[in-house]
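Here's a quick briefing to read with the model open beside you. Have a look at the fold, then walk through the points below.

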Amino acid sequence: MATIKDVARLAGVSTATVSATVNDTAYVSPALKARVQQAVRSLGYAPSTVARSLKIGVTKLIGLIVPDITNPFFTELVHVLEIAAQKQGYTLLLCASDEDVAREIGILRTLQMQRVDGVILAPSGTLSDYRAAGLASYAAPLVLIDRTEPFFDADTVAVDNYAASLEATSHLIAHGHRRLATIAGSSHVSTGADRLRGFKDALGRAGLSVDERLIRAGNFRQSDAYAACKDLFAQPEPPTAIYIANNLMLVGAVCALADLGLACPDDISIVAMDDLPWMAAFSPKITVMRQPIRAMGEAVFEAMLRRLGAGGRKIESNLLMFKPDLVVRESCRDLVA
């Protein structure tokens, strides 16, 4: 493997000139630069980014921790963030916590040891989890995405999950439904808690009581939602409409309905959280609450750049909340009394 000394010897220059050319840290005349670049190509020299990072204290690496990479919401978000990072000369290190806070804490520590410049995190834990692990503060700049948790000195970018669920449930109520169910997400994270709260408050505003028997935990997982949906329809009085709190749980519920021989919207009306290109492939096409994923991802990276630009100085933490949009399709019918 070629070294910087090999390049300097072939180009007939000093190692300092090679370093200045490769890293663009000082002026080098066009003639010398051309000789160095030719030597680099001839030898296939690759500078040590680790050594350079240790020297200047910048790795150009951003850690990204998501709870479930199989969730299409996070898949699309990763794509948006990767493009934003590349435009600014950064590389993303993608990690999945699998909704396991212990695993997530381990990843946070590993990224810290890798000296990443910053971390983008969709947290799976609570404040007490991170405090117990000694992570009430974090060495690298931190930006939270999707989930709002009151910990760390961090900016947060999320959709208004409460408003999304309130509108989704109200849409079903406007179609005449009075026996509404929800397949909810994990209650210990803000997305799950806020979406369930919005569902319940929509019922209350319409003068409807909350029937706990019609609330099932799907834990943001397809398999759990499948079981939850089957359980709902095993009751003597099953629901006429369901609000499903994310896309993976929608898939599980639709599979359960198919196995039960039930049709949407004839037997059950559905509104789900999250809109993705393949949503329109369902028959019928599913009414959803759409999150502006591209705008959210771009806002996350802008927040990260703001924190990186602060150079370690303490700056005010911001919460940026995006408005969801109701996309009306074919999965709801008017309930005739």
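Let's start with a helix pair: the axes of α5 and helix α12 (residues 293-309) come within 9 Å of each other, crossing at roughly 45°. Keep in mind that this is a predicted model.

**α5 against α12**

- An angle of 65 to 115 degrees would count as roughly perpendicular and one under 35 as roughly parallel, and α5 and α12 are therefore oblique to each other.
- The crossing in which α5 passes α12 is right-handed.
- On the α5 side, the contact is made by Phe73, Glu76, Leu77, Val80, Leu81, Ala84 and Ala85; on the α12 side, they meet Ile293, Arg294, Met296, Gly297, Glu298, Val300 and Phe301.
- Sorted by class, the contact of α5 with α12 has ten nonpolar residues, three charged ones and one polar one.

- Is Phe74 buried or exposed? Its relative accessibility is 3%, so Phe74 counts as buried, the cut-off for that being under 20%.
- Setting aside neighbours within four places in sequence, Phe74 is in contact with Val66, Pro67, Asp68, Ala122 and Asp146.
- If you're wondering about Ser331, 257 residues from Phe74 along the chain, the two C-alpha atoms are separated by 24 Å.
- Asp146, one of those contacts of Phe74, lies in the loop between β4 (142-145) and β5 (154-159).
- Asp146 is buried too, because its relative accessible area is 5%.
- The backbone of Asp146 deserves a look: phi is positive, about 80°, although the residue is not a glycine.

**Other backbone spots to check**

- Asp98 is another non-glycine residue with a positive phi, in this case near 55°.
- You'll find Asp98 in the loop between β2 (91-96) and α6 (101-113).
- With a relative accessible area of 39%, Asp98 is partly exposed.
- Which residues does the cis peptide bond with omega of about 5° join? It links Cys264 and Pro265.
- Pro265 belongs to the loop between α11 (247-260) and β9 (269-273).

- Ala245 is in the loop that runs between β8 (241-244) and α11.
- Its relative accessible area is 2%, so Ala245 is buried.
- Not counting residues up to four places away in sequence, Ala245 touches Ile183, Ala184, Gly185, Arg195, Phe220 and Met273.
- Met289 is 44 residues from Ala245 along the chain, and their C-alpha atoms are separated by 9.5 Å.

**α1 and its two helix partners**

- Helix α1 (residues 4-11) and helix α3 (residues 30-43) have axes that come within 9 Å and cross at roughly 125°.
- That angle makes α1 oblique to α3, and α1 passes α3 in a right-handed crossing.
- From α1, Asp6, Val7, Leu10 and Ala11 meet Arg35, Val36, Ala39, Val40, Ser42 and Leu43 of α3.
- By class, the contact of α1 with α3 has seven nonpolar residues, two charged ones and one polar one.
- For α1 and helix α2 (residues 15-23), the axes come within 8 Å and cross at roughly 105°.
- That makes α1 roughly perpendicular to α2.
- Here Ile4, Lys5, Val7 and Ala8 of α1 meet Thr15, Val18 and Ser19 of α2.
- The residues in the contact of α1 with α2 divide into four nonpolar, two polar and one charged.
- Val7 is among the α1 residues listed for the α3 contact and among those listed for the α2 contact.

**The chain as a whole**

- A compact globule of 337 residues would have a radius of gyration near 20 Å, whereas this chain has 25 Å.
- Taken along the principal axes, the C-alpha atoms fill a box of roughly 90 × 40 × 30 Å.
- How much of the chain counts as buried? The figure is 49% of the 337 residues.
- Of the contacts between residues at least 6 apart in sequence, 72% join residues at least 24 apart.

How values were computed. Residues are numbered from 1 along each chain as its sequence is written. This is a predicted model: local features need pLDDT of at least 70, side-chain atom pairs count only at pLDDT 80 or more; totals for chains, interfaces and linings use all residues. Side-chain values use heavy atoms; hydrogens and water are left out. Axes are lines fitted to C-alpha atoms, for helices over the stretch in contact, and angles run from 0 to 180 degrees between N-to-C directions. Helices (H or I, at least four residues) and strands (E, at least two) are DSSP runs, numbered from the N terminus. Angles under 35 degrees count as roughly parallel, over 145 as roughly antiparallel, 65 to 115 as roughly perpendicular and the rest as oblique. A crossing is left-handed if the near helix is turned anticlockwise from the far one by less than a right angle, and right-handed if clockwise. Contact means heavy atoms within 4.5 Å. Ala, Val, Leu, Ile, Met, Phe, Trp, Tyr, Cys and Pro count as nonpolar, Asp, Glu, Lys and Arg as charged, and the others, Gly among them, as polar. The radius of gyration is taken over C-alpha atoms; the globule rule is 2.2 Å times the number of residues to the power 0.38. Buried means under 20% relative accessible area, exposed over 50%, partly exposed in between (1.4 Å probe, protein chains only).
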